Amino acid sequence: MAGGPYKVPKRHDGWRSVALAVGMHALLFVFLWGGIRWQNEQPTAVEAEVWDLSTQQAAPPPEPQPEVKPEPEPEPPPPPVKAAPPEEVAPPKADPEIALRKEREKKEKERLAEEKKKKEELKRQQEEELAEQKKLEAEKKKKELAEKKLAEEKAAKIRAENMRRMMAQAAGTGSTGTAEKSTAPRMDAGYLAALRAKIQSNVVYAGAKQDIEARFRVTQLPTGEVITVRKIKSSGNPAYDAAVENAINKSSPLPKKKDGTVEKDLELVFNMKDLP
């Protein structure tokens, strides 16, 4: 506007002026630094040596060889230095409580070991006794079975022999003098054989067998219980007579007949050679 205040127009080349000024100062600094360094350097001396090929010089004498000295013998090694014995250190004093505790533990272990040893020994003895007892029982049982079997075989043999004799006597073929006799005119052969077998199986006599006989009269109840036993003829051997009498009493009650009856009075003869 024509009537407004005057304003200075803005210039747009300010950065360019600053850059130009900085560049001029840098060139001036480089110029000054180069001039000062050039003035301070020392001049370098140059030497030149001229050689004449027509002139020959004698060769220098050879350098003397160094004298070779023999190597000195090595010195013997110094004797080994004996180490000083270590200083004896006094052992620490043992605590009495620790020693007592160790002693108690040692005694306890010994006691337990002794008890264990005794228990094992007792167990071994018990096992041996049990094994021995079982062995004895087995042998006893075996012996009893053998004796029972032998007794049965003897009883069967006696019954068979008695039956044979009774049958021969009943048939009138004669008597051996050892068959049982009774007051009855006719006696059942099987009944007599049963009486003879039972009584003879209970006779206990260990003497030598002889051809002797003893005669007894026996009175019994209808149940077969023996009431009296009376010797009417001795065999001449008191031990044998007593053995037969005891066997009769031991055999009570005596066997019955097939119909369940018994002979009230019996006269029985036992020859020693017929013992099983």
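Let's start with helix α3. Helix α3, residues 189-201, lies across β1 and β3. Helix α3 runs at about 60° to β3. Keep in mind that this is a predicted model.

Next, helix α4, residues 238-250. Helix α4 lies across β1, β2 and β3. The angle to β1 is about 25°.

Now the sheet itself. Three strands form an open sheet, and the order is β2-β1-β3. The pairing is antiparallel. Which strands stand at the edges? β2 and β3 do, each with a single partner strand, so one side of each has no neighbour in the sheet. From one strand to the next, the twist averages 25°.

Look at β1 and β3. These two pair in the antiparallel sense over seven bridges. The bridge partner of Arg215 in β3 is Val269.

Arg215 also has a side-chain partner. Arg215 forms a salt bridge with Glu267, with the closest N and O atoms 3.3 Å apart. Arg215 lies in strand β1 and Glu267 in strand β3, residues 265-271, so the pair ties together parts that are 52 residues apart in sequence. Buried or exposed? Arg215 counts as buried, at 12% relative accessibility. Glu267 counts as buried too, at 16%. The cut-off for buried is under 20%.

On to another pair. Lys233 and Glu213 meet through their side chains in a salt bridge, 3.7 Å from N to O. Lys233 lies in strand β2, residues 226-233, and Glu213 in strand β1, residues 213-220, so this pair ties together parts that are 20 residues apart in sequence. Glu213 is buried, with a relative accessible area of 17%. Lys233 is partly exposed, at 38%.

How accessible is Arg124? Arg124 is partly exposed, with a relative accessible area of 37%. Glu121 is also partly exposed, at 34% relative accessibility.

How many salt bridges does a search of the whole structure find? Eleven.

Helix α3 lies across β1 and β3, and helix α4 across β1, β2 and β3.

Notes:
Residues numbered from 1 in each chain as written. Predicted model: local features only at pLDDT ≥ 70, side-chain atom pairs only at ≥ 80, totals over all residues. Heavy atoms only, no water. Salt bridge = Lys/Arg side-chain N within 4 Å of Asp/Glu carboxyl O. Buried < 20%, exposed > 50% of the residue type's maximum accessible area, 1.4 Å probe, protein only. Helix = DSSP H or I, 4+ residues; strand = E, 2+ residues; numbered from the N terminus. Pairing = 2+ DSSP bridges. Axes fitted to C-alpha atoms, helices over the stretch in contact; angles between N-to-C directions. Contact = heavy atoms within 4.5 Å.
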